[in-house]
Amino acid sequence: MARTIYFDNNATTQVAPEVTEAMLPFFTTYWGNPSSMHTFGGQVAKYVDKAREQVAALFNARPSEIIFTSCGTESDNTAIWTALQTNPAKKHIVTTSVEHPAILQTAAFWERNGYRVTRLGVDEKGRLDMDEYAAALTPDTAIVSIMYANNEVGNIYPIPQMAEMAKERGILFHTDAVQAAGKVDIDLEKVPVDMLSISGHKLHAPKGVGMLYVRKGLIFRPFIRGGHQEAGRRAGTENVPYIVGLGTACDLAKAHMDEENVRVAALRDRLEEGITSSVPDCLVNGDREHRLPGTTNIAFRNIEGEAVLLMLDRLGICASSGSACTSGSLEPSHVLSAMKVPFKYAHSSTRFSLCRYNTQEEVDYAIENIPGVIKTLRELSPFKD
């Protein structure tokens with residue numbers, strides 16, 4: 001393959017060169033255990049402390065409120081676990097129908113174990129109904145868990161307002177901010193969430209490290225038990241190189257947030273306009289007024305999403321589909337199904353997600369080639385009006 005144009009940053013991101021550089025000494029020189037009594041290992045602890053400060057700074061949080069985990073999924077599971085363990089009399093969970101599986105599958109597990117789960121619906125643009133949300137909050141609600149931004153269509157949800165509504169009712173509020181971290185300015189002195197999850201590999205840190213923010217004063221029960229690491233809140237020897245990498249990535253994200261919201265958003269708009277103006281019978285899924293700066297989800301009438309991805313791959317363009325092939329039939333994702341995107345569009349929805357490493361040249365290459373891909377696939381498509 002002559003070139004690779006990576007427009008799949010909501011799936012994972014490349015590790016920033018600065019992050020790799022920061023991590024390397026902890027594989028070769030400072031490889032001791034930070035919990036050790038001896039100087040060689042113990043000296044590493046100060047680098048973990050520095051990373052905790054860097055992560056906290058991205059969210060205007062206290063370092064003591066940061067728990068390092070292995071990923072966003074672990075952080076999500078931990079948040080729901082601790083809320084249910086510390087509120088055993090409450091048997092209700094509120095979430096949405098468009099969450100990441102890390103939340104949906106966890107909620108389904110607790111539902112099978114005696115809890116009641118309310119999954120809020122969305123409209124055709126993927127927006128939540130605040131009246132429906134308010135009505136869902138009851139004295140029996142143990143936790144609300146709603147994503148800050150959607151991974152498929154990029155919608156940004158009104159988390160500050162929703163968290164405040166939960167707080168007024170004495171209900172714990174968790175947000176999966178995996179997609180929003182580093183792209184949306186989240187000030188936890190102003191946004192009253194109780195817990196917040198991120199994953200390193202979504203903001204140019206490596207896979208295998210994440211974070212759970214737990215607001216000071218919140219009663220907490222560990223999900224993973226064992227040693228005394230993370231102040232007794234998450235057992236397991238600290239993954240120092242990756243924690244250092246996450247801290248550096250958060251520093252970079254803070255420095256580049258304006259670029260994300262200006263230059264990357266402009267590239268996204270250029271790509272979106274270039275495709276939709278050149279390809280007939282396509283639509284943009286989601287809320288175009290309130291979404292992540294690098295995300296566009298475009299549906300092409302009467303073709304299969306998997307076929308789009310295969311042909312884009314031949315051109316060196318990496319993207320994602322809004323559908324999954326199951327038992328020989330192509331079904332839209334749960335997000336597009338919840339949005340009631342018409343089937344003739346939903347099964348061809350393609351997500352393009354950009355980052356600060358993408359260029360205008362890459363966008364223009366995609367604009368030049370994608371219309372031909374869609375035209376060819378429509379000529380071959382078994383789907384007809």
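Predicted model: local features only at pLDDT ≥ 70, side-chain atom pairs only at ≥ 80, totals over all residues.
**Figure 1. The whole chain.** The chain has 13 helices and 15 strands, which are DSSP runs numbered from the N terminus (helices H or I, at least four residues; strands E, at least two). Buried residues, those under 20% relative accessible area with a 1.4 Å probe and protein chains only, make up 57% of the 385 residues. Residues are numbered from 1 along each chain as its sequence is written. Local features need pLDDT of at least 70, side-chain atom pairs count only at pLDDT 80 or more, totals for chains, interfaces and linings use all residues, and side-chain values use heavy atoms, leaving out hydrogens and water.

**Figure 2. The rings of Tyr-30 and Tyr-47**. The structure holds 8 aromatic pairs, meaning rings of Phe, Tyr and Trp (its six-membered ring) with centres within 6.5 Å; planes under 30 degrees apart count as stacked, over 60 as edge-to-face and the rest as tilted. The centres of Tyr-30 and Tyr-47 lie 5.4 Å apart and their planes are at 35°, so this pair is tilted. Tyr-30 sits in the loop between helix 2 (25-28) and helix 3 (39-42), whereas Tyr-47 belongs to helix 4 (residues 45-58), 17 residues apart. Tyr-30 is partly exposed at 27% relative accessible area, and Tyr-47 is partly exposed at 24%; exposed means over 50%, and partly exposed lies between buried and exposed.

**Figure 3. The rings of Trp-31 and Phe-40**. Their centres are 4.8 Å apart with planes at 70°, so the pair is edge-to-face. Trp-31 is exposed at 56% relative accessibility, while Phe-40 is partly exposed at 34%.

**Figure 4. An aromatic cluster**. Trp-81, Phe-109, Trp-110, Tyr-115 and Phe-223 together form one cluster.
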